[in-house]
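Some terms used for protein models need a cut-off before they mean anything. The questions below ask how such terms are applied here.

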Amino acid sequence: MTSISLNQFIIEEQLQFHHATDEAADEFALLLNNIVMACKKISVEVNKGALTGTMGNLQSENVQGEVQKELDVITNEIFLEYNMHGGYFAGMVSEELDEPYIIPELQREAGRYLLLFDPLDGSSNVNINISVGSIFSIVRNPQGLATPHFQDFLQPGTQQVCAGYALYGSSTMLVLTTGNGVNGFTLDREVGEFFLTHPNMRIPEDTQEFAINMSNQRFWEPPMQRYIAECLQGKDGPRGKDFNMRWIASMATEVHRILVRGGIFTYPIDSKLKQKGGRLRLMYEANPMSFIVEQAGGASSTGHERIMAIQPHALHQRVPVILGAKNEVERLVAYHQN
Ligand code: F6P
């Protein structure tokens, strides 16, 4: 247990590794502090569970045609509200909004960054008390416009300056990268601060644990059929080792498990998803998680290309995702090439 707070850590990291000036380091810490406060607030809301009566479905659907939970809408509002102040962001894109949210021009200059987020990942299962999370990605406001165009948000994952997720589990954690490794912080509720508890998180290159929704098996393409079939054959098959399987249906929680104890996670393309392009969203799920995974020594691909190299064409674009242990991801990519 260390006593390095998230705030201190960010300032030191900016000064040491990004050669920021004192002023720029403070500004970045303040920007992140807004996100951190939003996550703390969401943690409180999620933790109240059924007491607030907000676990149910609404009549509405989000832009993806998914039924919204009341908590989806509440947590989206929290993210917007906490991040519209300070003048750091010019606009935000959320899973729960059809169009970008442009910050009203209250401040002198346009915000230098754009924020993309999924306020409550895994929310379809929040009523069964599993861990859920918030995922976010920060890119520069490329033209410096006070009213950025939607194309300004369409930057490949390689352009991210910061990505992270908060996990609302048995403890609340925040895991972050600014391109200099991955660090995890745990919320001390009594103090009200996140403290560094998981410095320099690394994903082992090999694993014996995979995560996939097996109920979709009959719809998968041949490379995924082959990979999982070989894992299931265990010691008796070509892999020569037994594999374990996990599926939580909450991407933030799955990625966290991989960062803590290794593994591979995939939501592949299948014949049901073909029209949509995949299940998970590129801009606020796949890209930030890919940045984190790569920074922790793992890999991330659609099977055909590196996720972070994709030039996005739509805000709510979906992609197939294969991420985690480097050697396993590379094996799957090789199966796709065959
Ligand atoms: O995108 C939302 C999400 O809940 C992910 O967090 C998770 O990996 C996936 O969907 C679960 O999908 P399914 O319900 O098909 O298993």
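Contact means heavy atoms within 4.5 Å, and helices (H or I, at least four residues) and strands (E, at least two) are DSSP runs, numbered from the N terminus. This is a predicted model, in which local features need pLDDT of at least 70, side-chain atom pairs count only at pLDDT 80 or more, and totals for chains, interfaces and linings use all residues. Residues are numbered from 1 along each chain as its sequence is written, and side-chain values use heavy atoms, with hydrogens and water left out.

Q: What covers the buried residues of H8?
A: The cover includes helix H5 (222-233) and strands E13 (264-267), E15 (299-301) and E17 (321-324).

Q: Which residues of H8 are called buried?
A: Buried means under 20% relative accessible area, exposed over 50%, partly exposed in between (1.4 Å probe, protein chains only). In H8, Glu328, Val329, Leu332, Val333, Tyr335 and His336 are buried. The arc is taken from the directions from the helix axis to the C-beta atoms. Seen down the axis of H8, the buried residues fall within an arc of 155°, so they line one face of the helix.

Q: Why is asparagine 200 called partly exposed?
A: Its relative accessible area is 48%, and the term covers values between 20% and 50%. Therefore asparagine 200 counts as partly exposed. Asparagine 200 sits in the loop between strand E10 (193-198) and strand E11 (209-211), and has a positive phi of about 45° although it is not a glycine.

Q: Why does alanine 249 count as partly exposed?
A: Alanine 249 has 32% relative accessibility, so it counts as partly exposed. Its place is in the loop between strand E12 (244-245) and H6.
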